[in-house]
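Please follow the charged side chains of this chain first, and then turn to one of its helices.

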Amino acid sequence: MTHWWADALVYQVYVRSFADSDGNGIGDLDGITEHLDHIAALGADALWLNPCYPSPQHDHGYDVSDYTAIHDEYGTLDTFDRLVAEAKARGMAVVMDVVPNHCSSEHPWFLAALAAAPGSPERARFYFRDGRGPGGTEPPNNWMAAFGGPAWTRVDDDPDDGQWYLGTFTPHQPDFDHTNPDVQQLFADALRFWFDRGVEGFRVDAITPVGKHPELPDQPPIDHAVRELGATWENPHLAWREEGNDVWRRWREVLVEYEREHPDRDLVLVGEAYAVGRPDLLTRFTRPDQFRQLFAFDLMLAPWNQRNLVQALRDPLGALDASGVAPAWTLNNHDVQRVVTRLGRADAHLPERWTNSAIDGTDAPVDVALGTRRARAAAALAFALPGSLYLYQGEELGLPEVLDLPDDRREDPVFALTDGAVIGRDGCRVPLPWTADPSTSYGFSPAAPGGVAAPWLPQPDGWGEYALETQLDLPDSMLQLYGELSSARREHALPQGLRATVVDIDDRLVAFVRGDLVVVLNPTAEPVALDPAHDALAGARPILSSAPGEMHTPTVVPADTTVWLIR
Ligand code: BGC
């Protein structure tokens with residue numbers, strides 16, 4: 001059976017920043033419905049919505065206070081149903097985002113746990129533990145939070161209580177204990193609730209820390225080279241544990257059971273985990289009783305040099321060979337600096353950039369024109385790969401990261417929890433420009449007689465240059481390229497099946513073969529001539545280039561460019 005999701009093109013919608021239908025400066029579900037034609041025109045098979053559940057928004061929806069309702073700033077279940085129906089009418093599925101590791105500290109279960117006594121069933125749904133040291137004033141162990149500071153928060157100073165709770169990300173996001181039957185039921189019910197409403201799958205948030213060592217031992221000392229915010233992911237008692245596989249086995253059963261009851265459905269769970277350089281983890285979490293897909297972030301995080309880019313393809317493609325499960329590729333998401341900015345950094349080619357510096361960036365100067373050129377080449381590579389491809393809203397417009405948001409407008413908890421040392425992720429979440437008209441926040445909000453509310457994050461001057469409307473008529477725009485890549489993907493890449501092999505045609509080039517399609521990226525600053533006598537290239541003719549005006553001869557790949565050839 002061919003699964004729609006195996007090689008789907010999925011468009012990620014960051015709900016808060018996509019389109020505002022009611023003029024309050026905050027994106028919403030009706031705004032998405034109104035702009036579905038844009039997503040459909042890109043050839044998307046599905047849209048993935050970032051969390052739109054009720055939430056106090058401390059981590060913009062990744063702090064869920066009700067798993068089966070819609071956040072009131074975004075709409076209602078009715079507006080949600082309409083969005084799903086309108087997407088379906090355009091041939092697109094809706095994928096939601098489910099957050100299993102933690103809920104909001106305002107979730108009724110957590111409030112009940114705080115009100116209940118140590119040892120109570122209410123507390124057993126989370127990780128509440130006594131502190132260490134005299135009076136229990138020290139945290140139960142030495143774990144650090146992913147967004148800064150210790151992973152434990154003390155309940156209060158009452159000597160009869162004074163327990164601590166675990167929050168792997170922030171104190172506003174208490175971790176669930178998935179060995180607890182209530183927690184298991186909560187998620188089984190939530191998945192079914194949304195499947196019943198027509199949702200075709202979930203992107204499963206932050207799977208890495210789900211399933212902890214039952215005794216929560218201290219984290220062993222880590223290499224001093226690991227950056228503070230990376231420490232969490234080096235903790236073997238918290239990250240990548242087999243206990244997590246137990247959880248996903250249960251989730252897979254929910255899915256399979258639902259499909260048994262509804263044979264017309266073909267559902268997907270895509271796990272979010274940064275298994276970069278770890279194809280063994282890609283296969284462990286896509287075993288037949290686990291996720292149907294896992295994100296491959298390798299390409300998104302790879303430094304811009306031949307060796308690292310080859311590895312970024314080889315590892316996930318090797319995992320695909322081993323498991324038969326095609327990866328979910330991506331170049332952008334709401335957690336990392338936009339690709340134009342990342343690849344425009346003066347240090348983008350350095351091997352040490354493999355680290356997750358994508359989130360906070362580096363201090364290296366940015367050349368936006370160079371970054372744009374490389375982003376085009378990266379997109380042309382990604383669109384040809386076997387597996388699904390997740391686009392993040394605004395990448396089709398070539399938006400750069402907004403690096404100069406005023407400190408007092410930053411909302412990402414990472415900024416506050418690191419005392420501003422890490423600027424955080426707001427810069428890739430700035431509301432989209434649809435038109436060149438600043439009076440409507442560049443078309444993000446509707447025109448209103450008295451003006452519209454300022455967008456929740458300020459848009460930079462000149463944002464209109466990137467607007468959809470502006471790019472529609474520009475032949476060499478990023479938007480045009482994305483349209484061409486999407487058509488070429490359907491016409492030339494998908495028919496080749498789900499197999500691709502990295503080939504070594506020149507030590508300056510990155511190349512892979514997928515059936516009759518050969519894709520070659522030149523990540524260097526000089527043009528490279530192709531050797532037409534190479535086996536992989538015999539009889540191949542170019543059909544597409546990420547630098548259209550420049551394919552002087554069919555046998556030269558210009559600098560920072562990807563070409564597609566057909567044999
Ligand atoms: C999401 C982030 C979120 C975190 C905690 C992630 O990996 O993509 O946006 O802050 O999980 O839920």
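Lys88 is partly exposed, with a relative accessible area of 41%, where partly exposed lies between buried (under 20% relative accessible area) and exposed (over 50%), computed with a 1.4 Å probe on protein chains only. Glu200 forms a salt bridge with Lys88, the closest N and O atoms being 3.7 Å apart; a salt bridge is here a side-chain nitrogen of Lys or Arg within 4 Å of a carboxyl oxygen of Asp or Glu. The pair links distant parts of the chain, with Glu200 in the loop between helix 6 and strand 7 and Lys88 in helix 4 (residues 77–89), 112 residues apart; helices (H or I, at least four residues) and strands (E, at least two) are DSSP runs, numbered from the N terminus. Glu200 is buried, at 10% relative accessible area.

This is a predicted model, in which local features need pLDDT of at least 70 and side-chain atom pairs count only at pLDDT 80 or more, while totals for chains, interfaces and linings use all residues. Residues are numbered from 1 along each chain as its sequence is written, and side-chain values use heavy atoms, with hydrogens and water left out.

A second salt bridge joins Arg203 and Asp97 (3.1 Å, N to O), and it connects strand 7, which holds Arg203, with strand 3, which holds Asp97, across 106 residues. Arg203 is buried at 1% relative accessibility, and Asp97 is buried at 0%.

Helix 7 has among its buried residues Trp248, Trp251 and Leu255, whereas Glu253 and Arg260 are exposed on the other side of this helix. The buried residues of helix 7 pack against elements including strand 3 (93–98) and strand 7 (201–204), contact meaning heavy atoms within 4.5 Å.
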